[in-house]
Amino acid sequence: MRLRIQSFEKDLNVPKGTNLLSALASAGIHLRNECGGVGRCGKCRVLCADGLTPPNESEMKIIGAKNIQKGVRLACQSKVLKSTEVHIPQTSMERRIKILVEGSLKELKLNPSVKKKEIRISSQSLKRDLSWEAIRSQMGSKNRLESYPTLHFLKQLSENGNIKEGRLSCILMSQRCLDMEKGAGTGYHLYGMAFDIGTTTIVGYLHDLTSGNQLSLSAIMNPQTKFGGDVVSRILHATSAPNGLRELQDAVIGALNEIIQEVSKKTGILNKQIYEICAVGNTTMHHLLLGLCPSNLTHFPYTPTIREAFSFPAKEIGVSIHPDGQFYLLPLISGFMGSDTVGVVLSTGLHKSKHVNLAIDIGTNGEIVLGNCDRMVAASCAAGPAFEGGQIQYGMPGTSGAIDGMAIDSRGQIRIHTIDGLPPLGICGSGLVDAISEMIRERMINQDGRLLNKEEIGNRNLASRMIRTDSQEAFLLYQEKGNRNQGQNILITQKDVRQLQLAKSAIWAGIQILAGTIGIPLMEINEVFLAGAFGNYVKPESAIHIGLLPYFKKTKITPVGNAAGSGAKMALLSLKKREEANRIAQKIEYIELAKHSDFQNEYIKGMAFPLLKRDGSHSL
Ligand code: FES
């Protein structure tokens, strides 16, 4: 069958019965597929009038009969029956996420696990030819006793065994000799990489281990996304698809190697000069990277196969660095809380402060830690994907063209801001929070989250933007000029408001329960660290206004960027920080929210939008 892809002016020949999403992907046309192609997310929409299998139940439910009549279809649910033409709207194309890579790396004393030891060889010190025993005896008492070589080291040594005098540089990792070079080793540099392996994105940082400096970084979308947008769908794929676990492991390892290649190309540093990798990630990402079956994570008591920090040769999983390079994974907290949260605590210093601080990392899930040097409690909140634009009708990730900010002026005119200043394509999490906050302020949404209709809204400009569509109220956030009834208008619907309420009440309930567990009034929290992309870009006042965050009168709210990635860097550069990370993972008390007796109450309470008082405080 011949498929004409209008938007790309491309023709594809595919066998009858081919799934449309796969056919497009095989031609390099990647559509958004946040649900992994199971017909749940509705992001893979295409326009195709005929030639496909009849719409199935998922399509009827997600797209609606009216749109199907107009030719809208879900590519993942359609198979090609006849030669036809397909149009792909911009909003369905996979886009590169604007990945948050920056985070603060507080001053730390450099003490990596990889070190260089220079040895002086003199003819007197050598009774015979150079050997491992001769090198070990030259190492000095501190290194001598426990050190032992790798085979790679011995091979190098055998090739240089005729040295009678001069200097040798040995590369040691945890007292193990990995490599050597003739001379004082001034040209011999040691490099390491830190990785933050997220469900949606993966970021890698290249560091010089002799100076601690960051030399380069690279970030890409986690290619596992094609098997599902969240950890639940990935676990499902790993445990039920034939070869599913292997596919997921290969995808993430491929991504790590791609990042290593990229930083190597940018800096001219060879893979074999990278001696160690330190990584953080949630528990599912950790298991999938190691190729561990994640089935334990699906049922009580949700025990990870290993919780402690774990180090192994990188080549065992096919990561291309030095042949004896090591891969170090920071410890996990629980089945629901991974080493990414340990990284957030480590880099914010929450575990060392006398004051009680709160760290919130909102990604595909929401992780919250509250505490100080005496006690730390944590919870994972099933906030769902709304803060990343998922399950929102015109939602999209924080990529170019996403509306990421919105304000309503005194005349009821709308001002919107988009990422990279491009024409709006959809709305991302921070834009949605801003928009809902403004709509509450303009009394377009009541406390229960009901979107008021035209007649109920006082301001005429704003009332004129209210429309009724698919049996629900919707607010016309953006209207493409001259395109009132079709195309890329962007709406906020009643269902979107409900999705946001569900997401924010999960975070709200988490904060309340943790504060109750520690026994601290919210007003006494000293500082709030907002980690991750959403936390970095959302306006704190909007987050407070919609009741995502409680009202803090004096509390400082600090965006901390990719704090999980900063934690991985600290562990790469300092053995002391690794010990701290181990203590953090042991010390954090994980609270299972769903089992907490107050959870239902707090969750329901958190659904409401607060009434704002004059002093900026609110009623929730
Ligand atoms: S609905 Fe098609 S990929 Fe999600």
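Predicted model: local features only at pLDDT ≥ 70, side-chain atom pairs only at ≥ 80, totals over all residues.

Reader: What's the strand order in the open sheet?

Author: β6-β8-β9-β7, with mixed pairing. Strands (E, at least two residues) and helices (H or I, at least four) are DSSP runs numbered from the N terminus, and strands pair if DSSP finds at least two bridges between them.

Reader: Which strands are at the edges?

Author: β6 (114–121) and β7 (148–149), each pairing on one side only. β7 runs parallel to β9 (residues 176–182) over two bridges, and Tyr-148 sits opposite Arg-176 of β9.

Reader: OK, switching to helices. How do α7 and α8 pack?

Author: Helix α7 (residues 231–240) and helix α8 (residues 244–267) meet at about 125°, with axes 5 Å apart. Axes are lines fitted to C-alpha atoms, for helices over the stretch in contact, and angles run from 0 to 180 degrees between N-to-C directions.

Reader: And which residues make the contact?

Author: Arg-234, His-237 and Ala-238 from α7, plus Gly-244, Leu-245, Glu-247 and Leu-248 from α8; contact means heavy atoms within 4.5 Å.

Reader: What about α16 and α17?

Author: Helix α16 (residues 563–573) packs on helix α17 (residues 575–587) at about 125°, axes 5 Å apart. Met-570, Ala-571, Leu-572 and Leu-573 of α16 touch Leu-575, Lys-577 and Arg-578 of α17.

Terms used
Residues numbered from 1 in each chain as written. Heavy atoms only, no water.
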